[in-house]
Each structure stands twice: as structure tokens, then as C-alpha cells.
Amino acid sequence: MKAYILVSLVPGLEADTISQISALPGVEETDLVFGRWDVVVQVQVKNIPDLSRMVINQIRGLQGVQATETLVGGIL
């Protein structure tokens, strides 16, 4: 399943944090954006529990990540 994770970053840590996110298994694309969120991360995972583990244990655990919001796609 495909999901999009919107990520807010700590100013000054953007480059390092984006690099770490991009290296995670399942991450297909990271796009720097302007607005409320700083990065849109496109991921491909097997199921909701895998997505939950990725967001909670991997992305939110990175230094430089302030907040996330997850959008699940491809469920039709």
C-alpha cells in the first residue's frame, strides 16, 4: 500500500533529517515543500501495522522531526 507522510522539521536540521528519512526501507520519494509541512515522504508498505511502525519507530524517532501526519492512499 502507498502512503504519504507529511513531516515538519526543526529549522537547521533539514538536510540531515531528510537524508536519514530517504535512506529508510520503504521510502520511495522525499519532496521538500513550502507551507505547514516541510517534507512529503512517499512510502510503500505491506499493511497498516508496517506503516505504523515506520512512522512511530523510525521517522518520529529521528532527531529533527517535530511532527508528522500520515495519509493512506491506494485503498480503493
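**Exercise 1. How many positive and how many negative side chains does the protein chain have, and how far apart do the centres of the two sets lie?**

Solution. The model is predicted: local features require pLDDT of at least 70 and side-chain atom pairs count only at pLDDT 80 or more, whereas totals for chains, interfaces and linings use all residues. Residues are numbered from 1 along each chain as its sequence is written, and side-chain values use heavy atoms, with hydrogens and water left out.

- Step 1. Lys and Arg count as positive and Asp and Glu as negative, while His and the chain ends are not counted.
- Step 2. Each charge is placed at NZ of Lys, CZ of Arg, CG of Asp or CD of Glu.
- Step 3. The protein chain has 5 positive and 8 negative side chains, and 11 Å separates the centres of the two sets.

**Exercise 2. State the order of the elements in the protein chain, and explain how its radius of gyration agrees with that of a compact globule.**

Solution.

- Step 1. Helices (H or I, at least four residues) and strands (E, at least two) are DSSP runs, numbered from the N terminus.
- Step 2. There are two helices and four strands, in the order β-α-β-β-α-β from the N terminus on.
- Step 3. The radius of gyration is taken over C-alpha atoms, and the globule rule is 2.2 Å times the number of residues to the power 0.38.
- Step 4. For 76 residues a compact globule would have a value near 11 Å; the protein chain has 11 Å, and therefore agrees.
- Step 5. The C-alpha trace spans about 35 × 25 × 20 Å along its principal axes.

**Exercise 3. Which residues of helix α1 are buried, and why are they on the same side of α1?**

Solution.

- Step 1. Buried means under 20% relative accessible area, exposed over 50%, and partly exposed in between (1.4 Å probe, protein chains only).
- Step 2. In α1 (residues 14–22), the buried residues are T17, I18 and I21.
- Step 3. They lie on the same side of α1 because they cover an arc of only 100° around the axis; this arc is that of the directions from the helix axis to the C-beta atoms.
- Step 4. With contact meaning heavy atoms within 4.5 Å, the buried residues of α1 pack against β1 (2–9), β2 (27–32), β3 (39–44), α2 (48–59) and β4 (65–73).

**Exercise 4. Describe the surroundings of A67 and R60.**

Solution.

- Step 1. A67 is in strand β4 and is partly exposed at 32% relative accessible area.
- Step 2. Not counting residues up to four places away in sequence, A67 touches L6, V7, S8 and W37.
- Step 3. R60, in the loop between α2 and β4, is partly exposed at 47%.
- Step 4. With that exclusion of residues up to four places away, R60 touches V55, V65 and T68.
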